[in-house]
Amino acid sequence: MTENHSNSPSPQLPDAEDLLKVLAQKLEPLLQKNTALVGIHSGGVWLMQRLLALLENTISKHGIEHGTLDVSFYRDDYAQRGLKAENRPSQIPFDVENKHIILIDDVFYTGRTTRAAMNELFDYGRPASISLVALVNRDGRELPIAPQIVAADIPLDASQHLQLTKLADGTLALELTKHNSARTQEHE
Amino acid sequence: MNNPQLDRDGNLKHLLSIEGLPKRILNQILDTAESFVGVAEREVKKVPLLRGKTVCNLFFENSTRTRTTFEIAAKRLSADVISLNVSTSSQSKGETILDTVDNLIAMHADMFVVRHAQSGAAHLIAKHVPPHIHVVNAGDGRHSHPTQGLLDVFTIRKYKPDLHNLKIAIVGDVLHSRVARSEIHALTTLGVPEVRVIAPKTLLPTQVEKLGVHVFHDMEEGLKDVDVIMMLRLQNERMSGAMLPSSQEYFKTYGLTQEKLKLAKPDAIVMHPGPMNRGVEIDSNVADGKQSVILPQVTYGIAIRMAVMAILAGGLPAQQQSSGGSPANPGGAA
């Protein structure tokens with residue numbers, strides 16, 4: 001996973017830790033009494049955990065709850081690709097009904113993951129609203145879905161794969177790799 | 001060697017028996033089931049994975065619990081489900097199994113869940129069907145009942161997560177039990193260090209030790225210090241000759257009572273695949289007692305069956321994929 005670092009001299013990827021701070025600043029005004037945060041596995045959950053720490057005061061002031069989604073059971077490429085070998089239980093430990101849900105994802109790409117996440121959320125109840133927060137927005141939207149808040153726009157072509165990784169010391173980093181030719185477009 | 005259960009990429013194609021399945025596949029099923037447990041606790045207890053698919057429950061032998069849990073599992077995956085009690089339909093008019101299957105394929109069935117009194121029935125159907133159709137063995141003769149074995153291991157893992165540190169006793173009619181065979185294969189594959197079978201000689205298959213189990217004929221001795229007790233049903237309907245003096249006599253020697261349960265570890269759990277013969281292999285106090293996990297087994301059975309069907313039905317048959325992919329890294333998708 002890390003070995004491709006050197007072979008793609010990418011147009012300077014921004015530092016994920018800097019972006020995280022930008023994201024926290026932009027997110028803070030959205031947090032109110034009735035909001036709840038939901039991270040999408042895996043990158044979105046890492047981001048959420050960091051945001052919970054960075055915005056600790058505001059979050060405890062409003063009593064904001066949080067949960068996680070693994071959208072494996074809602075993906076639209078199941079018929080082509082099957083179920084991922086690794087999937088984790090979704091955990092929504094609060095009542096979704098009438099909540100203002102803020103979905104958190106690492107990279108916004110086609111919009112298909114967001115669609116899957118929204119479909120799953122509605123099986124827990126009827127939220128008052130859903131907004132989307134992403135660390136990075138890249139081009140390639142395939143559905144009429146867009147994030148409300150992003151920390152950076154990084155246009156990439158379809159052969160490039162951008163993902164968030166968590167380093168051994170817990171800090172987050174963006175990683176750009178080339179697609180294997182056999183792989184079709186990522187479901188992001 | 002050609003394993004009929006796996007495609008050429010090493011992915012699960014049919015679930016016919018636990019024997020022959022690598023640890024990787026067993027863990028994939030168990031881990032996926034973990035994700036399905038939570039689905040049953042939500043407002044909407046369904047996921048859309050099998051939308052548009054038709055699952056056929058082909059039960060040539062009766063089983064209310066297994067059929068019901070497979071039916072619920074398929075419905076929670078959004079499949080359309082047809083349950084056929086074949087013993088009472090075409091078979092009695094002389095149609096062969098494969099004719100029945102062909103007719104259902106002509107009706108666009110995508111998956112068969114098969115229960116049959118004859119060992120190997122599910123294998124026969126799996127060999128016969130085209131590559132996009134999947135077969136799940138829901139119990140064949142004395143041979144195998146893989147989803148029961150998997151749900152038992154899943155239940156054990158829920159209560160005793162460290163499988164590498166357990167002593168497990170399987171008690172009773174091992175000879176007639178496809179459940180016991182599936183349990184033994186699953187437990188040994190997953191690295192449980194000590195699996196015991198406790199039964200009279202007449203209810204043990206010859207050379208049962210070859211499955212990697214420790215054999216006990218004495219209940220007191222065999223239950224000592226175990227973490228898990230898996231009781232088996234005394235299968236009266238499969239017993240041809242009189243192998244036992246009487247069921248009262250059996251209960252006295254091999255029935256699980258509170259007193260005998262005390263020989264196991266104080267936090268041992270008690271399991272039974274059902275249906276129970278209360279007062280024959282298990283005392284009511286134990287079956288309903290606080291160490292019993294018999295009803296959670298039923299609940300987890302749905303999650304396991306959802307996991308198996310969801311893993312089978314997804315993706316394209318190996319022949320239709322453009323690239324092979326190595327068996328060591330099945331699916332491989334990020």
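In chain B, 21 residues of domain 1 are in contact with 21 residues of domain 2. This is a predicted model. On the domain 1 side of chain B, the elements that give two or more residues to this contact are helix 1 (23–37), strand 4 (134–140) and helix 11 (294–313). By class, that side of domain 1 has 9 nonpolar, 7 polar and 5 charged residues. The domain assignment places residues 23–145 and 298–320 of chain B in domain 1. Domain 2 of chain B takes residues 146–294. Over C-alpha atoms, the centres of domain 1 and domain 2 of chain B are 26 Å apart.

**The four-stranded sheet of chain B**

Four strands of chain B form an open sheet in the order 2-1-3-4, and the pairing is parallel. Strand 2 (80–85) and strand 4 of chain B are the edge strands, each pairing on one side only. On average, neighbouring strands of this sheet are turned by 15 degrees against each other, direction ignored.

Strand 3 (residues 111–116) of chain B is mostly covered, with 6 of its 6 residues buried. In a regular strand, side chains alternate between the two faces of the sheet. Both faces of strand 3 of chain B are covered. On one side, B:Met111, B:Val113 and B:Arg115 are buried.

Strand 3 of chain B has partners in strand 1 (residues 54–59) and strand 4. Each of these pairings is parallel: 5 bridges join strand 1 to strand 3 of chain B, and 5 bridges join strand 3 to strand 4 of chain B. B:Phe112 takes part in both pairings: B:Cys56 stands opposite B:Phe112, and B:Val135 in strand 4 of chain B is its bridge partner. B:Arg115 in strand 3 of chain B has B:Phe59 opposite.

Strand 3, helix 4 (residues 121–128) and strand 4 of chain B make a right-handed β-α-β unit. Helix 11 of chain B lies across strand 1, strand 3 and strand 4 of chain B. Helix 11 runs at about 150 degrees to strand 4 of chain B.

**Around strand 6 of chain B**

Strand 6 (residues 194–198) of chain B is largely enclosed by the rest of the structure, because 4 of its 5 residues are buried. Strand 5 (residues 167–171) of chain B is joined to strand 6 by 5 bridges, and the two run parallel. Within this pairing, B:Val195 of strand 6 is the bridge partner of B:Ile168. The chain crosses from strand 5 of chain B through helix 6 (residues 178–189) to strand 6, in a right-handed β-α-β crossover. Strand 6 of chain B also runs parallel to strand 7 (residues 214–216), with 3 bridges joining them. B:Ile198 stands opposite B:Phe216 in strand 7 of chain B.

**The sheet of chain A**

Chain A has an open sheet of 5 strands in the order 2-1-3-4-5, with parallel pairing. Strand 2 (65–69) and strand 5 (149–153) of chain A stand at the edges, each with a single partner strand, so one side of each is left without a neighbour in the sheet. The twist averages 25 degrees from one strand to the next.

Strand 1 (residues 35–40) of chain A runs parallel to strand 2 of chain A, and 5 bridges join them. In strand 2 of chain A, A:His66 is the bridge partner of A:Leu37.

Helix 2 (residues 43–54) of chain A packs on the sheet, touching strand 1, strand 2, strand 3 (100–108) and strand 4 of chain A. The direction of helix 2 makes about 120 degrees with that of strand 3 of chain A. Helix 1 (residues 16–27) of chain A lies across strand 4 (129–137) and strand 5 of chain A. Helix 1 runs at about 150 degrees to strand 5 of chain A.

| Strand pair | Bridges joining the pair |
|---|---|
| Strand 1 and strand 2, chain A | 5 bridges |
| Strand 1 and strand 3, chain B | 5 bridges |
| Strand 3 and strand 4, chain B | 5 bridges |
| Strand 5 and strand 6, chain B | 5 bridges |
| Strand 6 and strand 7, chain B | 3 bridges |

**Contact between the chains**

The contact takes 20 residues from chain A and 23 residues from chain B. The chain A side that touches chain B has 9 nonpolar, 5 polar and 6 charged residues.

Notes. Residues numbered from 1 in each chain as written. Chains lettered and ligands numbered in written order. Predicted model: local features only at pLDDT ≥ 70, side-chain atom pairs only at ≥ 80, totals over all residues. Contact = placed C-beta atoms within 7 Å. Nonpolar A, V, L, I, M, F, W, Y, C, P; charged D, E, K, R; others polar. Domains from an automatic or database assignment. Buried ≥ 20, exposed ≤ 12 C-beta atoms within 10 Å, placed from the backbone. Pairing = 2+ DSSP bridges. Right-handed = clockwise from strand over helix to strand, strands pointing away. Axes fitted to C-alpha atoms, helices over the stretch in contact; angles between N-to-C directions.
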